[in-house]
Amino acid sequence: MMETLTPKAPFDFAKMLQRPLSRPLKVNVIDPEALSYTTALRLPTRIIPVTIVSMGTVDHPTLRLTCPDGLSDEERTAVRETVCRMFSTEIDLTDFYARLSITEQGSALLKRHDGLRPIHDASLFESMVKVIIGQQLHVRFAAVLVDRLVELGGEAVEWNGMRLSVFPSSAQVACWSYEQLQALSFSRRKAEYVIDFARAVENGRVDLESLWRMPDDQIYEELLSLRGIGRWSVECFLLFGLGRPDVMPAADIGVQSAMQRLYGMAHRPGEAEVRRLAEAWAPWRSYATYYLWQSLIRAVSA
């Protein structure tokens, strides 16, 4: 099955691929030359591989979505909606760009990252597990641990000559022992946090689908009660999982370092100062955060 998607401009797919390319994972196959992104979506009915290719330009964007034939109407709708959510195709950035342009620093950020949008995680379970794994770890080692988790799950699908690894389900992870993850270089606590979260999902303590309908404050209340999940974790989950537009993880060292660079500060700003400076970007602070993180990736690769 092939379908054409028309994202709202500006939409720079090449820039969007830079972040996942900087921390490659086995669940994604990315070709920066072909501007393609391939992954496997875990739907309630089955696992469906998809390939998204950019066919247009930044100002006139078009995406080609390809997946297997024989999908039901419900599956086709779910695939399309998931891909549109993952790549923020329906988000109009006009107001965000207007707010960025108010200040000299925001204008500089916009000039470098015009058309950039975050790529959200395919599922909420995957998103939170990645966030938990990434807590207080270098991004490269966190990616290694994610890949080891995926390998332990052992699921894969064949698609266009590729063997796509599939992120494990909450049911799979809930059945594992802490020792299994420790054998993969997870710390004992991190192993407990990941598996306990999966068990909370499976026993109904956490209803992931209900989170889509909750306001941010209620989600904080719901998730902060879980062992191993702090404010930074929820903020990143809101940003990368639920796609909430106005989240600022101000305690994040990367955000603080990017702010320091952007404003030419002699010191790295603290959480309170970051929140104060970011007020001008409300209600789009998630996108500003993503641009700040991206500025560090570009600085490292330059």
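## Inside and outside

Of the 302 residues in this protein chain, 52% count as buried. Keep in mind as you explore that the model is predicted. The accessible surface comes to about 13700 Å², and carbon and sulfur atoms account for 51% of that surface.

Charged side chains are part of the picture too. The chain carries 34 positive and 37 negative side chains.

## The overall fold

How many helices and strands does the protein chain have? Its secondary structure comes to 15 helices and 7 strands. The radius of gyration is 19 Å, close to the 19 Å that the globule rule gives for 302 residues, so the chain is as compact as a globular protein of that length. Along its principal axes, the C-alpha trace spans about 50 × 45 × 35 Å.

Contacts tell you how the chain comes back to meet itself. Among the contacts with a separation of 6 or more, 64% are between residues 24 or more positions apart.

## The nonpolar cores

Here is a general idea to carry with you: in soluble globular proteins, nonpolar side chains tend to be buried together. In this model, the largest nonpolar core has 96 residues. Which of its residues touch the most other members? They are Val-79, Phe-87, Phe-197 and Leu-223. Helix H9, which covers residues 188-202, gives this core its largest share, 8 residues.

Leaving aside neighbours within four places in sequence, Val-79 is in contact with Leu-41, Leu-43, Ile-48, Val-50, Leu-65, Cys-67 and Leu-71. There is also a second, separate core of 5 residues, and Ala-40, Val-157, Trp-159 and Val-166 are among them.

## An enclosed helix

Now look at helix H12, residues 231-240. Since 8 of its 10 residues are buried, this helix is largely enclosed by the rest of the structure. The buried residues of H12 are Ser-233, Val-234, Glu-235, Cys-236, Phe-237, Leu-238, Leu-239 and Phe-240.

Strand E7 runs over residues 162-165, and Ser-165 belongs to it. Is Ser-165 buried or exposed? With a relative accessible area of 15%, Ser-165 is below the 20% cut-off and so counts as buried. Apart from neighbours within four places in sequence, Ser-165 is in contact with Lys-26, Val-27, Val-150, Glu-155 and Ala-156.

Arg-163 is also in strand E7. At 57% relative accessibility, however, Arg-163 counts as exposed. Not counting residues up to four places away in sequence, Arg-163 touches Ala-156, Val-157 and Glu-158.

## Distance in sequence and in space

Thr-6 sits in the loop between strand E1 (2-5) and helix H1 (13-22). This residue counts as exposed, at 57% relative accessibility. How far is Thr-6 from Leu-63 in space? The two are 57 residues apart in sequence and 6.3 Å apart, C-alpha to C-alpha.

For another pair, go back to Arg-163. Arg-163 and Pro-61 are 102 residues apart in sequence, and their C-alpha atoms are 29 Å apart in space.

Most residues other than glycine have a negative phi, and most peptide bonds are trans. The peptide bond from Ala-9 to Pro-10 is cis, with omega near -5°, and Pro-10 lies in the loop between E1 and H1. The bond from Ala-282 to Pro-283 is cis as well, with omega near 5°. You will find Pro-283 in the loop between helix H14 (271-278) and helix H15 (285-301).

Asn-160 has a positive phi, near 50°. Its place is in the loop between strand E6 (156-159) and E7, and Asn-160 is exposed, with a relative accessible area of 57%. Ser-185 has a positive phi too, near 80°. Ser-185 is in the loop between helix H8 (178-182) and H9, where it counts as partly exposed at 43% relative accessibility.

Definitions and conventions. Residues numbered from 1 in each chain as written. Predicted model: local features only at pLDDT ≥ 70, side-chain atom pairs only at ≥ 80, totals over all residues. Heavy atoms only, no water. Helix = DSSP H or I, 4+ residues; strand = E, 2+ residues; numbered from the N terminus. Rg over C-alpha atoms; globule rule 2.2 N^0.38 Å. Buried < 20%, exposed > 50% of the residue type's maximum accessible area, 1.4 Å probe, protein only. Contact = heavy atoms within 4.5 Å. Areas by Shrake-Rupley, 256 points an atom, 1.4 Å probe, with all protein chains shown as cover. Lys, Arg positive; Asp, Glu negative; His and termini not counted. Charge placed at Lys NZ, Arg CZ, Asp CG, Glu CD. Core = buried A, V, L, I, M, F, W, Y, C linked by side-chain atoms within 4.5 Å.
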